[in-house]
Amino acid sequence: MPTLNIVMVEPEIPQNTGNVARTCAATGARLHLVGPMGFNIDDKKLKRAGLDYWHLLDITYYNSLDEFFSKNHGKFFYFSTKAKYKHTDVKYEDNCYLLFGKETAGLPEKLLYENPDTTVRIPMIEEARSLNLSNSVAIGVYEVLRQWDYPELSAAGNLRNYKWDE
């Protein structure tokens, strides 16, 4: 299975991080948390959002962006409201990294300025400042997986205990 990496840079809200962790666990994506974070990793709100999915999670912690970049290599895509390309305009390759910034400020502008061709945005109306972080991550994850044809993910469900006509 191709590897998808989700990177949260300095997340501030534990519930968002818990929801992202659950998305990563359910899709097989690896989660990278870059500090400093606005909460402790044992926060009850964080655990509640991810609830019974923590055992499925592949997670790595870093103290800083410098540490993250020194330990990881691949193609990096930066999600930002300041991008000129849509998240659907690029081709995501195996072992890519999707980076998302903290809720109040996004990613450092230096990163965006230095990487204009791999900085992408999720379209929205002009009047909206941004989407919720965990929703943005889910949109990004599923666009990559759609391009990869959902490798190793179950795409079929089945109804239980439903009687059509009796």
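Predicted model: local features only at pLDDT ≥ 70, side-chain atom pairs only at ≥ 80, totals over all residues.

Reader: OK, is Phe76 buried or exposed, then?

Author: Phe76 counts as buried, at 14% relative accessibility.

Reader: And which ring does Phe76 pair with?

Author: Cut-offs before the pairs: rings of Phe, Tyr and Trp (its six-membered ring) pair if their centres lie within 6.5 Å, and planes under 30 degrees apart count as stacked, over 60 as edge-to-face and the rest as tilted. The structure holds 9 aromatic pairs. In one of them, the rings of Phe68 and Tyr97 have centres 5.7 Å apart and planes at 80°, so that pair is edge-to-face. Phe68 sits in helix α3 (residues 65–71) and Tyr97 in strand β6, 29 residues apart, so the pair links distant parts of the chain. Phe68 and Tyr97 are both buried. Your Phe76 pairs with Phe69: the centres are 5.1 Å apart and the planes are at 85°, so this pair is edge-to-face as well.

Reader: How are the helices and strands assigned?

Author: They're DSSP runs, numbered from the N terminus: helices are H or I with at least four residues, strands are E with at least two.

Reader: Fine. Back to Phe69, how accessible is it?

Author: Phe69 is partly exposed, with a relative accessible area of 24%.

Reader: Which residues do the ring pairs link into a cluster?

Author: Tyr62, Phe68, Phe69, Phe76 and Tyr97.

Reader: What do the buried residues of α5 pack against?

Author: They pack against β1 (4–9), α1 (14–27), β4 (76–79) and β6 (96–100), where contact means heavy atoms within 4.5 Å. The buried residues of α5 include Leu133, Val137, Val141 and Leu145.

Reader: And Ile139, what is it in contact with?

Author: Ile139 is in helix α5 and is partly exposed, with a relative accessible area of 32%. Leaving aside neighbours within four places in sequence, Ile139 is in contact with His87, Ile122 and Leu131.

Reader: How many residues of α1 are buried?

Author: In α1, 10 of the 14 residues are buried, so the helix is largely enclosed by the rest of the structure. Among them are Pro14, Val20, Ala21 and Cys24. From first C-alpha to last, α1 reaches 20 Å, close to the 20 Å expected. Just after α1, Gly28 takes a positive phi of about 80°.

Reader: Which residues have a positive phi although not a glycine?

Author: Glu10 is one, with a phi of about 55°, in the loop between β1 and α1. Glu152 is another, at about 60°, in the segment after α5. Glu10 is partly exposed, with a relative accessible area of 26%, whereas Glu152 counts as exposed at 66%.

Reader: Where's the cis peptide bond?

Author: It joins Gly35 and Pro36, with omega about 5°. Pro36 is in the loop between β2 (30–34) and α2 (44–50).

Reader: Last topic: how much space lies in the largest pocket?

Author: About 500 Å³, where a volume is the space filled by probe spheres set on the grid points, joined across faces, edges and corners. A pocket here is an open set of points on a 1 Å grid over the protein atoms alone, where a 1.4 Å probe fits, with protein on both sides within 12 Å along at least five of seven lines; lining residues have an atom within 4 Å of a point. The largest pocket is lined by 24 residues, and Thr81, Lys102, Gly106, Ser130 and Leu131 lie nearest its centre. β7 (119–121) and α5 are the elements that give two or more residues to that lining.

Terms used
Residues numbered from 1 in each chain as written. Heavy atoms only, no water. Buried < 20%, exposed > 50% of the residue type's maximum accessible area, 1.4 Å probe, protein only. Expected span 1.5 Å × (residues − 1).
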